[in-house]
Amino acid sequence: MHKKGTEMVKEFAGKSVIVTGAARGQGREMALQFAARGANVAICDLGTDRLATVDYEMSGGNLLGETATTLREHGNKVIAHACDVRDQQAVEAFVEATVAAFGGLDIVVNNAGILSGNRPVHEMSEEQFTTMIDINLTAVWRVSKAAVPHLIARGGGRIVNIASAAGLVGAPGFGHYCAAKHGVVGLTKTMAAELAPHSITVNAICPGLVDTRMVEHSAGQLARQTGMSEDEAYDAFLSVHHIKERITPVQTAAAVLYLASELARTTTGACIPVDGGWTAT
């Protein structure tokens, strides 16, 4: 948001935005930043009834209503749906409900994802591997597939995918996560080429260690497996950053806002690291 004279300009006023995985963490922050800038925002996250199908307690389903209430404080339209992004019918219903509520769709942020690891590839179960791929990669395709016809009908739009620095480099112990996020990078570039004739840009950001509950949980896993303290586990993760700071959800949201903005209308197929220099070497 910026000022023009004494008037506050809301650069996403009248825009309709979807953010998946938005009950907490960086998804929540992205949704809040769009709402503060005038957008109508639709958010989704896992419902509490689906928690048992994920191998750790990462769902923000119980926080979905609270986040929606906070978004409504900005005076824009807001809808919130419990939606498992592994379920094509649920995804399609969420997108259709968004279009019905807002009259169209302009921006999609594919943020929903999970992080679990600290085991070599040859020790992973097939379920662990395929669950990571399904939520972190295939779901990006599912949501985009449902959304693209509505973006085309609008005359263009923006898709921003949340990949990872682990989508640009390898990360021992996180082979399934790296595979999924490398896939997001490849999908982003392909969709960018396919959708450019429809005035739809497709970009990704590639965060490093973001200060969220998801990373906190993964650090806790590492601590339990190795006997480290959680602070030591965080430091181990952070060792790959040249700038030894945890990235904040506000910083990743800022990158998303740029890619969703009019300023980025000629930027497509970009996969931008927000990673403390992790991928610089």
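A crossing of two helices is called left-handed if the near helix is turned anticlockwise from the far one by less than a right angle, and right-handed if clockwise. The model is predicted, so local features need pLDDT of at least 70 and side-chain atom pairs count only at pLDDT 80 or more, whereas totals for chains, interfaces and linings use all residues. Residues are numbered from 1 along each chain as its sequence is written, and side-chain values use heavy atoms, without hydrogens and water.

**View 1. Crossing of helix 3 (residues 88–102) and helix 4.** The crossing is right-handed. The two axes (lines fitted to C-alpha atoms over the stretch in contact, with angles from 0 to 180 degrees between N-to-C directions) come within 9 Å and cross at roughly 35 degrees. Helix 3 contributes Q88, V91, E92, V95, E96 and V99 to the contact (heavy atoms within 4.5 Å), and helix 4 contributes W141, R142, V143, K145, A146, A147 and H150.

View 2. Beyond neighbours within four places in sequence, T131 is in contact with R86 and I114.

**View 3. Helix 8 (residues 249–260) and its cover.** The buried residues of helix 8 are P249, T252, A253, A255, V256, L257, L259 and A260. Among the elements covering them are helix 1 (25–36), strand 6 (107–110), strand 7 (157–162), strand 8 (200–207) and strand 9 (271–274). Helices (H or I, at least four residues) and strands (E, at least two) are DSSP runs, numbered from the N terminus.

Key
Expected span 1.5 Å × (residues − 1). Buried < 20%, exposed > 50% of the residue type's maximum accessible area, 1.4 Å probe, protein only.
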